[in-house]
Structure formats: structure tokens, C-alpha cells
Amino acid sequence: MKDDLETELRQALRPVAPSEGFEERLLARVTAERSSPPKPSRLKWRRSPATRWLSAGLAASILAAVGIQHHLHAQREREIGLEARRQVIEALRVTEEKLELAYRVVKDQSSSVSDEKPGV
Amino acid sequence: MIRRFMPVIVCVLLAPSLTFAAPNPRLLLPEFGALADKASESVTITLDPSMLAMAGRFLDSNDPQDAATQEVIKGLQGIYVRSYTFDQDYFYKQSDIDAVRKQLSAPGWNRLMETRSRKTHANVEIYIMTEGNKAIGLALIASEPREFTIVNIIGSIDLQKLHKLEGQFGVPKLDLDATKAPALNKQK
């Protein structure tokens with residue numbers, strides 16, 4: 001059974017000499033294919049200059065839009081940040097002002113008490 | 001079976017968190033819309049944590065005033081200010097302030113000081129909320145005949161840092177040394 005299989009394989013894979021004129025036919029075919037015009041490609045539209053310009057324009061527009069969006073976002077964030085900074089300073093100024101008012105009242109009271117008691 | 005007892009289970013699980021809920025230093029400040037319309041000047045500032053963080057990014061640490069401000073706001077989670085100035089005396093109602101003052105009677109708040117001037121009729125109250133030894137909230141109510149201001153600061157406030165700011169925003173420098181102004185250490 002094993003010998004049969006080997007014999008069959010050898011028979012199938014035996015070297016076969018090419019038929020007469022094979023080399024000429026092959027070279028003629030290669031030459032003919034080289035000289036013939038290329039087959040129209042399905043992706044030909046991609047290669048047209050108009051399409052290339054359109055693609056480049058589209059890519060540039062997208063990049064510009066992203067850039068503008070980023071710039072506007074940064075600008076808005078800066079405006080909000082500066083406004084927040086102004087508000088913090090204003091809030092602390094108001095707080096200080098009222099602490100100062102409290103201190104002034106305390107000072108007035110303590111000075112009026114010491115005026116009433118000059119010996120103290 | 002479990003579905004029937006679900007409300008009970010939820011209540012049991014939530015009970016400890018409700019009982020030991022941390023005191024909230026954030027005051028519910030009214031809109032004061034009508035007062036703002038009548039006021040000759042008004043300041044409304046609402047700075048939540050995100051706005052404070054944003055402000056922090058725009059403070060220049062090389063500038064002494066900005067650096068001091070940065071230090072003060074470092075541990076803060078919010079600053080809320082409502083301040084109104086009027087052209088006539090007592091244009092605002094006392095009840096406007098009482099609504100806020102009422103919130104300061106909640107547990108956790110302690111009155112740090114109260115000053116009343118007979119001469120100028122200025123009244124300033126400072127309340128502080130503490131957690132352990134740390135101040136986590138500050139409220140200030142200042143009322144004068146033509147002005148009233150409410151300040152609510154949330155977060156770990158270092159009064160020493162606030163003290164450092166004195167004189168930096170055009171306000172005269174205060175002399176808040178404990179020996180010279182013992183009233184500031186008064187407790188409720």
C-alpha cells in the first residue's frame with residue numbers, strides 16, 4: 001500500500017520536458033503584454049489632477065478647521081481663566097475690606113473704652 | 001422575598017451615612033436679584049472648584065500678589081461673594097440677611113467674632129466651620145447702612161495666609177496681631 005502511493009507520487013511528479021517552441025511562445029507573450037496599453041483601473045479617478053487637488057483641499061480644510069477650533073478653544077479657556085483670576089482677586093479684596101472694617105470697629109471700641117478709663 | 005425587604009436594607013445601609021453626614025460649609029445664598037437691581041454697585045462672585053483651579057493657572061507665581069493669592073486659594077473649594085452698595089440708607093431688608101444668618105446656626109458653624117459699631121452702625125460677623133483642628137469653611141456677614149456683604153469661603157482656610165494678603169489689593173494694611181486685636185479670637 002505504501003509502495004503504491006510512492007509509485008503514484010513519483011509518476012505524478014516526474015520531470016516533464018517542455019513541448020517544442022515553448023520558450024518562443026512564452027517570450028512572445030511577455031513582449032506582447034508589455035507593449036499593450038494598460039488595462040483601465042477602477043481607481044483611475046484617484047489619479048486625475050482635479051481629484052488630487054480636491055483631496056488636498058479637503059485635507060487642508062479639515063486641518064484648518066481643527067486648528068481654528070483648537071485656537072478658539074484655547075482663547076475661550078484663556079478668557080475664562082483671566083475672568084476667574086479677576087474674580088478671585090476681587091473676592092479676596094472684598095473679604096479683606098470687610099475684615100478691615102471689623103478691625104476698625106474693634107479698634108474704635110477699644111479706644112473708646114480706654115478713653116473712658118484713662119488710668120487703665 | 002429580597003424585593004420585599006429591599007427598602008429596609010437600603011435604609012439600614014444609608015442610616016450611618018445620614019447620621020454622620022459631614023457638616024456642609026457651603027451656604028445657600030439667595031439670588032438677591034431685586035436688590036441687585038436697586039443697588040448702585042453689586043458684586044456677585046461664584047467660584048466653584050473648577051473655576052478656582054482655572055484661576056490658579058492664570059496666576060503668575062513670579063508676581064508677589066499673584067503668588068500670595070495662589071497660596072490662599074490652594075486649599076479652597078469655593079468662594080462665593082454677594083455684595084451690594086446702595087444710594088440710600090437701609091435700602092435692603094434685614095430679612096435678606098437673616099435668611100443667610102439662619103443657616104449659620106447649623107451644627108458645625110462657630111461665630112468667631114461679632115462687631116457692632118454704634119458710631120457707623122457697621123456690623124460684622126465672622127463664622128468659621130472646623131473639622132478637627134482645621135477650618136473647612138468661613139462665612140462673613142458685613143452690614144452697613146448703605147452696604148451689605150456676604151462672603152462664603154469653602155475649604156481649608158489659613159487665616160494667616162489671608163492675613164499675608166493684607167495691603168496687597170489696595171486695602172490698608174491691618175494690624176491683626178493677636179496681642180493688639182484680641183477680639184478676633186473671640187468665640188461664640
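The dialogue below works through the interface and the charged side chains of a predicted model with chains A and B.

Me: How should I read the interface, and how many residues does each chain bring to the contact?

Reply: The size of an interface is often given as the accessible area lost when the parts come together. Here chain A and chain B bury about 3200 Å² between them, with 78% of that area on carbon and sulfur atoms. Chain A contributes 28 residues to the contact, while chain B contributes 45 residues.

Me: How many salt bridges does the rule find across the interface of chain A and chain B?

Reply: Side chains of opposite charge can pair when their charged atoms come close. Across this interface the rule finds three salt bridges, and the side chains of A:R85 and B:D66 meet in a salt bridge with an N to O distance of 2.9 Å. On the side of chain A that touches chain B, the residues divide into 14 nonpolar, four polar and ten charged. The interface of chain A and chain B also has four residue pairs in polar contact, with both residues at pLDDT 80 or more.

Me: Which residues are linked in a network of salt bridges?

Reply: The network links A:E90, A:R93, A:E97 and A:K98 with B:E144 and B:E147. For the whole structure, a search over all chains finds 15 salt bridges.

Me: Is B:K74 buried or exposed?

Reply: B:K74 is exposed, with a relative accessible area of 59%. B:K74 forms a salt bridge with B:E71, the closest N and O atoms being 2.7 Å apart, and B:E71 counts as partly exposed at 29% relative accessibility.

Me: Which parts of chain B does the pair of B:E125 and B:R101 tie together?

Reply: B:E125 forms a salt bridge with B:R101, with the closest N and O atoms 2.8 Å apart. Because B:E125 lies in strand β4 (residues 123-131) of chain B and B:R101 in helix α5 (residues 94-103) of chain B, the pair ties together parts that are 24 residues apart in sequence. B:E125 is buried, with a relative accessible area of 2%.

Me: What is the nearest side chain of opposite charge to B:R82, and how far away is it?

Reply: The nearest such side chain is B:E31, 5.3 Å away, and B:R82 is buried yet has no salt bridge; the cut-off for a salt bridge is 4 Å. B:R82 lies in strand β2 (residues 76-85) of chain B, and its side chain reaches the backbone oxygen of B:I45 at 3.1 Å. Not counting residues up to four places away in sequence, the residues that B:R82 touches include B:L29, B:F32, B:V43, B:F148 and B:I150.

Conventions. Residues numbered from 1 in each chain as written. Chains lettered and ligands numbered in written order. Predicted model: local features only at pLDDT ≥ 70, side-chain atom pairs only at ≥ 80, totals over all residues. Heavy atoms only, no water. Contact = heavy atoms within 4.5 Å. Buried area = accessible area lost by both parts, 1.4 Å probe. Polar contact = N/O pair within 3.5 Å; in protein donor to acceptor, adjacent residues only side chain to side chain. Nonpolar A, V, L, I, M, F, W, Y, C, P; charged D, E, K, R; others polar. Buried < 20%, exposed > 50% of the residue type's maximum accessible area, 1.4 Å probe, protein only. Helix = DSSP H or I, 4+ residues; strand = E, 2+ residues; numbered from the N terminus. Lys, Arg positive; Asp, Glu negative; His and termini not counted.
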